[in-house]
Amino acid sequence: MLYRNFATAEEIQAEYDPALVSDRDAAIERFVQLSTTATEAMPHWYSHQFGVTEAEYVDIFPSGVPGSPVHIFIHGGYWRAMSARQFAFVAQNLVEQGVTVVLTNYGLCPDVRMGDIVDQTREAIAWVARNASELEVDGNRLSISGHSAGGHLVAMMLATDWTEYDLPKDLIKGAIALSGLFDLGPFPHSWLQPALNLTAAEVSENSPLFLPVHTSAKVLIRYGSKEQSEFARQSHTYAEYLASQGIDVDCTPQEGADHFTILEPFLLDEAEFVQDILSFV
């Protein structure tokens, strides 16, 4: 077997490629349209390059409220596609509720390695925390969320010892992983491998399911009820691992949602997601 009970790359793809059960192109086109509308509604947003490469930037959507909470969103794309710009729509409801939102961007495989993406995301969050005063946010009220590969990166942030960055151990007050991947084990045997080029060591070093947890944050894990079963299994397995480490975690499906529409009710249409984030801080 290549991974668990999967004997072929085709079997892995059937469970892990969202495009096989959802219209990915239509979803991305909708994300772009929503983000265009959102940025027009939030004209004070701006971008800052925090790292040495062009891909290492954050897009900042200020609430206009001094000392507001700050929420950081990490985009998906299976570590090889998409950018923060296509997800600006996630910020609008939160900004309207007085939360400053920061979207992180990172380099993509195969131009960078998986560990580089994790490091760049850590640096982005550290930059936000260190520049809280300039951003007019309260660095003690920082929460994060991410979708798909971004959900994986959220979990990697929970496995980060922030004291190594001269930041508080409890830097992250709450986290939401949407349709995340927490065990990278299937991907060296998958259709993604030509882009990801994962080694066994990289799988081990970047699978949060097997890494120490360095957080006391509350964690919400969500997946779409219309997604393939492996997304649910990975989510519940990771939730059980967090609970075994004493973390306050809630893992539930978003009924009627697929891998892409899971973003809409949480980040666009309903107040529940906003209230979850406000409850973190």
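This is a predicted model: local features need pLDDT of at least 70, side-chain atom pairs count only at pLDDT 80 or more; totals for chains, interfaces and linings use all residues.
Residues are numbered from 1 along each chain as its sequence is written, and side-chain values use heavy atoms, with hydrogens and water left out.

A search of the whole structure for disulfides, defined as pairs of cysteine sulfur atoms within 2.5 Å, returned 0. Cys109 is buried (under 20% relative accessible area, with exposed meaning over 50% and partly exposed in between; 1.4 Å probe, protein chains only), since its relative accessibility is 4%, and Cys251, at 15%, is likewise buried.

Rings of Phe, Tyr and Trp (its six-membered ring) were paired if their centres lie within 6.5 Å, with planes under 30 degrees apart taken as stacked, over 60 as edge-to-face and the rest as tilted; the count comes to 14 aromatic pairs. In one of these, Phe31 and Phe87 have ring centres 5.4 Å apart and planes at 45 degrees, so the pair is tilted. Phe31 belongs to helix α2 (residues 24-41) and Phe87 to the loop between β3 (68-74) and α3 (92-96), 56 residues apart, where helices (H or I, at least four residues) and strands (E, at least two) are DSSP runs numbered from the N terminus. Phe31 is buried at 2% relative accessible area, and Phe87 is buried at 1%.

The rings of Tyr78 and Trp191, with centres 5.8 Å apart and planes at 85 degrees, form an edge-to-face pair. Tyr78 lies in the loop between β3 and α3 and Trp191 in the loop between β6 (172-178) and α7 (193-196), so the pair ties together parts 113 residues apart in sequence. Tyr78 is buried at 6%, whereas Trp191 is partly exposed at 24%.
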